[in-house]
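Good morning, and thank you for coming.

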Amino acid sequence: MVKIRRFGQPQLPALLMLHGFLGSKDDWSILMPELSQYFHCICIDLPGHGGNVDTLDSPGLHQAAELIVNKMHHMGYQQFHLLGYSLGGRIALHIANDFADSLLSITLESAHPGLQDAKQIAARAQSDNLWAHKLQHLPLTDFLGLWYQQAVFRDLTEHQKQQLITLRQINDPLRLANCYLTTSLSLQQDCRNVLEKLSCPCHFIYGVDDKKFAQVATDWQATLAVTSSSSANLQLHPLHAAGHNIHSLHPQLFTDTLLTLLCLDPIATLKE
């Protein structure tokens with residue numbers, strides 16, 4: 001199975017795109033007709049997803065970051081723009097931490113910077129272990145049905161949920177469980193100050209209807225304003241009438257926003 005798909009002319013700036021948990025490189029395809037005019041888009045399956053059979057040790061976020069960046073460097077991309085959604089965004093933060101010089105920009109969509117409270121960490125570990133047990137022991141269709149009942153997906157219609165359940169059945173549940181457990185938010189370091197290492201633009205896109213991540217974003221920016229001199233480096237971009245997964249449900253809005261943020265002219269870029 002193909003683990004990477006690439007779109008757009010190779011001489012355009014490289015944009016590495018990391019999907020969320022249960023997703024695949026194909027999740028970004030809806031954006032490609034327009035986005036590939038501005039970037040050489042590199043869509044990669046995360047470990048345990050789609051065609052990627054890599055397994056991770058625990059904790060695995062730094063390992064996942066290393067595997068992905070090594071692949072980019074091997075393909076000849078020493079520097080690139082980085083876009084990560086949800087789990088992909090959390091891995092993107094570890095790429096920023098470990099490979100800061102590789103980034104031309106980082107854009108996070110609905111991604112958590114890490115838990116700080118010990119009780120929250122313990123509760124998340126317990127919750128993730130329960131979800132992993134379900135993933136390992138239930139039929140995948142049953143697990144997916146439960147997964148998409150979570151509050152964060154409340155903006156999905158029942159038809160959209162069923163479409164996702166059908167689409168996600170291509171994954172191997174045991175490989176997914178490995179990725180889920182080793183990249184648990186309970187194991188993630190607090191990445192709020194990772195942005196201090198970066199000299200490139202840092203963007204956070206979230207849907208206003210996604211109350212959880214709207215709060216995460218504003219709290220993160222407020223924390224940086226108190227603890228560091230880099231608060232201006234985290235630029236928040238709330239999108240109205242949107243929830244958690246903006247790029248999938250509102251692709252034109254997401255594409256327009258991303259292109260506005262990165263301000264690239266494809267014709268000028270090709271001439272340079």
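This is a predicted model: local features need pLDDT of at least 70, side-chain atom pairs count only at pLDDT 80 or more; totals for chains, interfaces and linings use all residues.

I begin with Cys 191, which counts as buried because its relative accessibility is 0%; buried means under 20% relative accessible area, exposed means over 50%, and partly exposed lies in between, with a 1.4 Å probe and protein chains only. Residues are numbered from 1 along each chain as its sequence is written, and side-chain values use heavy atoms, with hydrogens and water left out.

How many disulfides does a search of the whole structure find? The search finds zero, where a disulfide is a pair of cysteine sulfur atoms within 2.5 Å. Cys 191 is in no disulfide, and the nearest cysteine sulfur, that of Cys 202, is 12 Å away. For Cys 41, the closest cysteine sulfur is in Cys 43, at 6.0 Å, which is too far for a bond. Cys 41 is also buried, at 0% relative accessibility.

Let me turn to two aspartates. Asp 45 sits in the loop between strand S3 (40–44) and helix H2 (61–74); helices (H or I, at least four residues) and strands (E, at least two) are DSSP runs, numbered from the N terminus. Asp 45 is buried, with a relative accessible area of 1%. A polar atom of its side chain lies 2.8 Å from the backbone nitrogen of Lys 25.

Asp 219, by contrast, belongs to helix H8 (residues 211–227). Is Asp 219 buried or partly exposed? At 40% relative accessibility, Asp 219 counts as partly exposed. Between Asp 219 and Asp 128 there are 91 residues in sequence and 23 Å in space, C-alpha to C-alpha.

Finally, the chain as a whole. The protein chain has eleven helices and seven strands. Its radius of gyration is 18 Å, close to the 19 Å that the globule rule gives for 272 residues, so the chain is as compact as a globular protein of that length; the radius is taken over C-alpha atoms, and the rule is 2.2 Å times the number of residues to the power 0.38. Along the principal axes, the C-alpha atoms fill a box of roughly 55 × 45 × 35 Å. Of the 272 residues, 53% are buried.

Definitions and conventions. A polar contact is a pair of N or O atoms within 3.5 Å; within protein, one must be able to donate a hydrogen and the other to accept it, and residues adjacent in sequence count only if both atoms are side-chain atoms.
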